[in-house]
Amino acid sequence: MPTALESFANLRKIIQANGGIRRSLRIFWLTDDLKFGDLKGVDKFGNRYYENNRYFFGKNRWVRFADKKNFNYDASQIPPEWHRWMHYITDQTPVEKPPEQKKWMMEHEENLSATPDEYVPYSTTRTKIESWTPPQNR
């Protein structure tokens, strides 16, 4: 069990790694978690990927989403090449071993459901159920 001095030293490391007290409080407010680890890479969207093998397996890799996202982040914002590393499919990051790009592969896009930019198909068929309008009393 760590002593109080070791716990304080770890807290100092976490605050320094997160950019000071104010930035650490902001990160804690956004993610409910404060960690420190080695920066493994940054993707084209500005997401930063970290690893610290002193944490439990399954909790030792994490992503800090780009600052422009604030609370509007979700897992679909992680591109496929980093998804492989985050889910322990591979131990090599895309920085160490870039994925082979095939001509049929599309550019990654995040899921836009529940946003103003969501896809809504146009339907040419009539609805099977018509809504009932109650009679007007005069």
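The structure holds 1 cavity of 30 Å³ or more, a cavity being a set of points, on a 1 Å grid over the protein atoms alone, where a 1.4 Å probe fits but cannot get out. The largest cavity has a volume of about 130 Å³, where a volume is the space filled by probe spheres set on grid points that are joined across faces, edges and corners. Among the 12 residues that line the largest cavity, L30, T31, R64, F65 and D67 are the closest to its centre, and lining residues are those with an atom within 4 Å of a point. Helix 2 (residues 21-31) gives the most to this lining, with 5 residues; helices (H or I, at least four residues) and strands (E, at least two) are DSSP runs, numbered from the N terminus. By class, the lining of the largest cavity divides into 5 nonpolar, 2 polar and 5 charged residues, with Ala, Val, Leu, Ile, Met, Phe, Trp, Tyr, Cys and Pro counted as nonpolar, Asp, Glu, Lys and Arg as charged, and the others, Gly among them, as polar.

## Basis of the model

This is a predicted model, in which local features need pLDDT of at least 70 and side-chain atom pairs count only at pLDDT 80 or more, while totals for chains, interfaces and linings use all residues. Residues are numbered from 1 along each chain as its sequence is written, and side-chain values use heavy atoms, with hydrogens and water left out.

## Pockets

The largest pocket contains about 430 Å³ of space, a pocket being an open set of points with protein on both sides within 12 Å along at least five of seven lines. Its lining consists of 18 residues, of which P80, E81, P99, E100 and Q101 lie nearest the centre of the pocket, and this lining divides into 7 nonpolar, 5 polar and 6 charged residues.

The second largest pocket has a volume of about 300 Å³ and is lined by 13 residues, with D33, K35, R61, W62 and V63 lying nearest its centre. Strand 3 supplies the largest share of the lining of this second largest pocket, 4 residues, and the lining as a whole has 6 nonpolar, 2 polar and 5 charged residues.

## Aromatic pairs and charges over rings

The structure holds 6 aromatic pairs, where rings of Phe, Tyr and Trp (its six-membered ring) pair if their centres lie within 6.5 Å, and planes under 30 degrees apart count as stacked, over 60 as edge-to-face and the rest as tilted. One of them is the stacked pair of Y50 and W62, at 5.8 Å centre to centre and with 15 degrees between the planes. This pair links distant parts of the chain, with Y50 in strand 2 (residues 48-51) and W62 in strand 3 (residues 61-64), 12 residues apart. Both Y50 and W62 are buried, on a scale where buried means under 20% relative accessible area, exposed over 50% and partly exposed in between (1.4 Å probe, protein chains only). W82 and W85 form an edge-to-face pair, 5.7 Å centre to centre with 90 degrees between the planes; these two residues are 3 apart in helix 3 (residues 80-86), so they are separated by about one helical turn, and both W82 and W85 are buried.

## Salt bridges

The count comes to 6 salt bridges, each being a side-chain nitrogen of Lys or Arg within 4 Å of a carboxyl oxygen of Asp or Glu. K35 and D33 meet in a salt bridge (3.8 Å, N to O), in which K35 is buried, with a relative accessible area of 11%, whereas D33 is partly exposed, at 34%. 

The side chains of E107 and K44 form another salt bridge (2.0 Å, N to O). Because E107 lies in the segment after helix 3 and K44 in the loop between strand 1 (38-42) and strand 2, the pair ties together parts that are 63 residues apart in sequence; both E107 and K44 are exposed. E100 forms a salt bridge with K102, the closest N and O atoms being 3.0 Å apart, and salt bridges that share partners join K40, E51, R61 and D91 into one network.
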